[in-house]
Amino acid sequence: LAVARGNDAKPLPMKCHWELNNDNLLDLSHIVYVHPTTLGAHGIDRVPIKTERFDDKVRMWRFVPDVAPIKLWASYMNMGADVKVDRWMSTECELPSHCTVYVGFAPAGVHKPEGPYHSGAQLYALITATPETADSSFMFYAQCRNFGVEDAEMTAKFVRDVKVVFGEDVTVMEAQQRNGATDPSVTRIDINADAPALAMREIVKRRMAEEGVR
């Protein structure tokens, strides 16, 4: 695997609460809307997710058959625009905010939906958010990939491209923070795509109560 440090190995500042980062990563359907030119592809958000709940973590995963590959990766591999693949994506979020995102794609029909995914282009993104104040935080991240492992130029481009992608995430999360501040009484809508994030918030809330943290 090739490992790329994120943001030049520096924390990425965010003007939002750290839990919004958990929310964002536990609902990867956002890539269709937030990252349409880089990671997204139509159809991903139409496939239901699976949610697994544990004592100190939540796991979300989705297998999406017969769709376009991840756009950025396809550009690295000189893949044609008409290629169709099976894509998979999962996030495992452990207390309090250690998220491992596992995504990839392979030729259609190679893997069963439940995995394991033994071939194809694969990436692990390791992402953690830490609080600074009640409404600001820092993101730390790195990526491990299995393609272009010896290609230093690709790694450098990968780092630049992913920084743009995460910058788009930060823009959205900061907007969520501002919107939430205008009316803190607004409740969250509990739909299937929100189940992992809501489950993780419940775990954080329970553990804070057990430790007497406010």
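1. The model is predicted: local features need pLDDT of at least 70, side-chain atom pairs count only at pLDDT 80 or more, and totals for chains, interfaces and linings use all residues. Residues are numbered from 1 along each chain as its sequence is written, and side-chain values use heavy atoms, with hydrogens and water left out.

2. Searching the whole structure gives 10 aromatic pairs (rings of Phe, Tyr and Trp, the last by its six-membered ring, with centres within 6.5 Å; planes under 30 degrees apart are stacked, over 60 edge-to-face, the rest tilted). Phe63 and Tyr117 are stacked, because their ring centres are 5.9 Å apart and their planes at 15 degrees. Phe63 belongs to strand 4 (residues 57-67) and Tyr117 to the loop between strand 6 (98-107) and strand 7 (121-133), so this pair ties together parts 54 residues apart in sequence. Strands (E, at least two residues) and helices (H or I, at least four) are DSSP runs numbered from the N terminus.

3. Phe63 and Tyr117 are both buried (under 20% relative accessible area; exposed is over 50%, partly exposed in between; 1.4 Å probe, protein chains only). Ring pairs join Phe63 and Tyr117 with Trp88, Tyr102 and Tyr124 in a cluster.

4. Tyr76 and Phe158 are both buried.
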